Amino acid sequence: QVQLVESGGGLVQAGGSLRLSCAASGRTVSNHAMGWFRQAPGKEREFVAAISWNGESTTYADSVKGRFTISRDNAKNTVFLQMNSLKPEDTAVYFCAATGYTPFASASYFTSSIQYPYWGQGTQVTVSS
């Protein structure tokens, strides 16, 4: 089993930045693609970004492309989401998620929540205007 714990959320003004972290435990996720999703009040959970098992491949939702950057440190079993130029519409609970064993696969394959069996509890990000 993989346990995921997110941190780094908070309240920030529009135009500001936040860096989310996702620490994995239970077993290494170095052979797993990882992703970030978000859910705003009254809306469905949506894909934000994904990264391949080795960090060489990333993919983003159009709404965050150019503003958010996903990265990972396999030595620390941790994934990050750097969020810049934040907008009020980025306000949501952000979830970290892990796929199953997916070495050698491009991140572009992992944009659907049904591909991720492991989820964190989420961290709140609020962007004020």
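User: Which residues does valine 125 touch, leaving out those up to four places away in sequence?
Analyst: This is a predicted model, so keep that in mind. In it, valine 125 touches Gly9, Gly10, Leu18, Leu20, Met83, Asp90, Thr91, Ala92 and Tyr94, with residues up to four places away in sequence not counted.

User: And where is valine 125?
Analyst: You'll find valine 125 in strand β11, which covers residues 123-128.

User: Is valine 125 buried or exposed?
Analyst: Buried, because its relative accessibility is 0% and the cut-off for buried is under 20%.

User: OK, over to aspartate 90. Where is that one found?
Analyst: Aspartate 90 sits in the loop between β8 (78-83) and β9 (92-98).

User: Buried or exposed, that aspartate 90?
Analyst: Aspartate 90 is buried, at a relative accessible area of 1%.

User: What does the side chain of aspartate 90 make a polar contact with?
Analyst: With the side chain of arginine 67, at 2.7 Å. Arg67 also turns up in the list of residues that aspartate 90 touches, which includes Arg38, Phe68 and Val125 too.

User: What about glutamate 89, buried or exposed?
Analyst: Glutamate 89 is in the loop between β8 and β9, and it counts as exposed because its relative accessibility is 55%, with the cut-off being over 50%.

User: How far apart are glutamate 89 and threonine 126 in space?
Analyst: They are 9.0 Å apart, C-alpha to C-alpha, and 37 residues apart in sequence.

Key: Residues numbered from 1 in each chain as written. Predicted model: local features only at pLDDT ≥ 70, side-chain atom pairs only at ≥ 80, totals over all residues. Heavy atoms only, no water. Helix = DSSP H or I, 4+ residues; strand = E, 2+ residues; numbered from the N terminus. Buried < 20%, exposed > 50% of the residue type's maximum accessible area, 1.4 Å probe, protein only. Polar contact = N/O pair within 3.5 Å; in protein donor to acceptor, adjacent residues only side chain to side chain. Contact = heavy atoms within 4.5 Å.
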